[in-house]
Amino acid sequence: MTPPPGWYPDPAAPHQERWWDGTAWTEHRRAPAPPAAPVPPVPPLPSSPSSPLPGGSARAKAVALTVAAAVLVAAIVTGAVVLRDGDGGGARAKTAPTSPVASPHPTSASPSAPAPTDDPSVVVDQLNGITLPLPDGWVRPRYVSDDAVVMTTDGTYDCPGGTGFCRHGLVSTRTASAGDGTPEAIARDDIEDAADLAYDRDRLDERPYGGITAHREVKSGTVAVAGRAGYFVRWRVTTAKGPGGYVESLVFPSSTGTESPVVVRFVFDAGPDGPPLSDMDRITQGIRPLGDAATGGGVGSSIGPTG
């Protein structure tokens, strides 16, 4: 069994932690969480005149018995693991986290990547270290096969191409390679793939809108996202069936300590049933670093670090 997704010591650099997605190492790294504060010792129980032994001695015996029991359990567990590994149970993947001091569960979050919030008005992208606002009419993804989708408009409708059910709006996030270039270069490279996947051929190789017949750029430029300098490109897409829609690729540097940029894709149907385009700007302005509700963004906002 492989460890669950989480932060573990980086095999290539033990002084930092790296994100394990459950099957392989990703490019996300961060400084390790600070050690927990030591637990103060429990003071000894006071001696009782009616007790045949002093209270401190009784306490010491109880502690000694507890420690002995813990050592015995650890020895039994260790022996069971050794027997299992030597009994043809199969070798573990060498790329998995195997540090003897690593917890089998993700380590506690550090200030740079705190635990997800329970705020119902936002959605959390733990891997990229951001939260996104959830506007009215939008919900967390349900019955969506693409794990990158972080929110959708509420409800579905029959796709114009007759190939299943469609949604009027989708927002997804992913991580680009650090070597792909500047936010502008990544956004301009990504927009065509985003448009094709949304309105031309989907992941099942079907055409829910009959394919794209034309597109044009309607807006692009620099923008501050979560206090960092980003870039966006927006297309108006015309489809063979249905009203078409708008697709935007927004790219900005990650704030989790990795050099890999974050890509946010917006897919909005055109026409009266599609969400208002102002929701794209509203969501962009509301993106925050995880655990930092004060650092926002938007066109015209102050620009923070670029890397």
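Which residue in S14 stands opposite Ser 172? The views below get to that one in the second legend. This is a predicted model, with local features needing pLDDT of at least 70, side-chain atom pairs counting only at pLDDT 80 or more, and totals for chains, interfaces and linings using all residues. Residues are numbered from 1 along each chain as its sequence is written, and side-chain values use heavy atoms, with hydrogens and water left out.

**View 1. The sheet of 3 strands, S4-S5-S15.** This open sheet is antiparallel in its pairing. (Strands here are DSSP E runs of at least two residues, helices are H or I runs of at least four, and both are numbered from the N terminus; two strands pair if DSSP finds at least two bridges between them.) S4 (122-125) and S15 (288-289) sit at the edges with a single partner strand each, so one side of each has no neighbour in the sheet. S4 and S5 (residues 130-133) are joined by 4 bridges, and Val 122 has Pro 133 in S5 as its bridge partner. Helix H3 (residues 278-286) packs on this sheet, touching S5 and S15, and its direction makes about 145° with that of S5. (Contact means heavy atoms within 4.5 Å; axes are lines fitted to C-alpha atoms, for helices over the stretch in contact, with angles from 0 to 180 degrees between N-to-C directions.)

View 2. S10 and S14 run antiparallel and share 7 bridges; here Arg 265 in S14 is what Ser 172 stands opposite.

**View 3. The largest pocket.** Its volume is about 860 Å³. (A pocket is an open set of points on a 1 Å grid over the protein atoms alone, where a 1.4 Å probe fits, with protein on both sides within 12 Å along at least five of seven lines; lining residues have an atom within 4 Å of a point. Points are joined across faces, edges and corners, and the volume is the space filled by probe spheres set on them.) Of the 31 lining residues, Val 144, Ser 145, Leu 170, Leu 197 and Asp 202 are the closest to the centre. S10 gives the most to the lining, with 5 residues.
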